[in-house]
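Subject: Handing over a structure, with notes

Dear colleague,

I am passing the structure below to you, together with an account of what was found in it. Please read the notes with the sequence and the model side by side.

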Amino acid sequence: MVVKSELKLIKSLQQKKCRNEHGLFVVEGKKTVEEVLNSNMEIYKLFTVDSNELETGDVPFYSISNKELSQISSLKNPNGYLGVFHIPKPTDQILSDWILVLDGVQDPGNLGTIIRLCDWFGITDIICSTDTVDCYNPKVLQATMGSIARVNVQYKDLDAFLNSTELPVYGTFMDGVSVNNTKLPKKGIMIMGNEGKGISDAIAKLCTDRLAIPQFGEATTESLNVASATAILLHEIRK
């Protein structure tokens with residue numbers, strides 16, 4: 001039996017301020033819930049309308065009705081599984097050879113896709129500016145398809161972070177040098193900017209190299225979607 005106060009708490013976690021206040025976030029969907037359960041993230045509570053199909057291991061679960069699930073879900077069509085997890089404590093530990101830095105990325109779908117791309121290409125560390133969309137936003141989590149469990153996302157003052165590193169810092173610009181003509185090192189930092197404005201002027205000054213993705217089609221398209229551009233650059237890093 002799920003009490004009303006619990007339902008109210010879970011519903012409130014759709015808001016960033018409540019996630020920060022309680023240190024909790026919500027994951028929905030069988031695949032995503034199972035992937036996060038199998039990570040180092042700490043479970044708070046697990047809810048399901050059908051426990052027979054969910055691989056929970058030793059994790060206890062709470063049965064919930066479809067009506068109750070619809071009251072707390074951020075999805076139009078909830079699919080029966082909802083997990084509440086503790087937000088991991090920030091860490092300064094960097095595990096990957098390359099670090100992806102996001103400067104002001106605002107669209108939840110873009111951030112979620114970028115996290116999934118980093119998981120695919122073996123980039124385990126993303127550093128976000130403080131004005132980048134929250135990685136525990138429900139729409140971000142849906143787009144990650146469980147990759148949030150394997151990618152360390154941190155929010156930092158980018159100016160301070162970039163000034164403290166000795167790694168080469170590559171920024172992406174329309175007027176940069178073609179990435180096709182650039183030999184990338186084994187370790188470095190790649191910066192992707194805001195969907196409309198690109199990399200901010202203050203952060204652009206800290207880039208040691210300016211890269212561009214060459215355009216082969218008509219010049220009517222102003223720029224690539226930031227997630228699409230990230231996919232191309234991560235592929236270049238791993239070539």
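Helices (H or I, at least four residues) and strands (E, at least two) are taken here as DSSP runs, numbered from the N terminus. This is a predicted model, in which local features need pLDDT of at least 70 and side-chain atom pairs count only at pLDDT 80 or more, while totals for chains, interfaces and linings use all residues. Residues are numbered from 1 along each chain as its sequence is written, and side-chain values use heavy atoms, with hydrogens and water left out.

The parallel sheet

Six strands make up an open sheet with parallel pairing, in the order S7-S6-S5-S9-S8-S10, where two strands are said to pair if DSSP finds at least two bridges between them. At the edges stand S7 and strand S10 (209-212), each of which pairs on one side only. From one strand to the next the twist averages 35°; for such angles, axes are lines fitted to C-alpha atoms (for helices over the stretch in contact), and the angles run from 0 to 180 degrees between N-to-C directions. Within this sheet, S5 and S9 are joined in the parallel sense over six bridges, and Asp103 has Gly193 in S9 as its bridge partner.

Helix H5 lies across S5, strand S6 (125-128) and S7, and runs at about 175° to S5. Helix H9 also packs on the sheet, where it touches S5, S8 and S9 (contact means heavy atoms within 4.5 Å), and its direction makes about 165° with that of S9.

Helix H9 covers residues 226-238, and its 13 residues reach 18 Å from the first C-alpha to the last, close to the 18 Å expected at 1.5 Å a residue, the expected span being 1.5 Å times one less than the number of residues. The buried residues of H9 are Val226, Ala227, Ala229, Thr230, Leu233, Leu234, Glu236 and Ile237, where buried means under 20% relative accessible area, exposed over 50%, and partly exposed in between, with a 1.4 Å probe and protein chains only. Among the elements that cover these buried residues are strand S5 (98-103), helix H5 (108-121), strand S8 (169-178) and strand S9 (188-193).

Ser178 belongs to strand S8, and it counts as buried because its relative accessibility is 18%. Leaving out residues up to four places away in sequence, Ser178 touches Ala212 and Pro214.

The mixed sheet

Another open sheet is formed by four strands in the order S1-S4-S2-S3, with mixed pairing. Strand S1 (24-28) and strand S3 (62-63) are at its edges with a single partner strand each, so one side of each is left without a neighbour in the sheet. S1 pairs with strand S4 (residues 81-86) in the antiparallel sense over five bridges, and Leu24 stands opposite His86 in S4. Helix H1 (residues 4-12) packs on this sheet and touches S1, strand S2 (43-48) and S4, its direction making about 105° with that of S2. Helix H3 (residues 30-37) packs there as well, touching S1, S2 and S4, with its direction at about 30° to that of S4.

Six of the eight residues of H3 are buried, so this helix is largely enclosed by the rest of the structure. Those buried residues are Thr32, Val33, Glu34, Glu35, Val36 and Leu37, and they pack against S1, S2, S4 and helix H6 (138-144).

Two loop residues

Met145 is located in the loop between H6 and strand S7 (152-155). Its phi is near 55°, a positive value in a residue other than glycine, and with a relative accessible area of 32% Met145 is partly exposed.

Thr91 is located in the loop between S4 and S5, and at 30% relative accessibility Thr91 counts as partly exposed. Apart from its neighbours within four places in sequence, Thr91 is in contact with Asn152 and Gln154. Thr91 and Phe47 are 44 residues apart in sequence and 29 Å apart in space, C-alpha to C-alpha.

With regards
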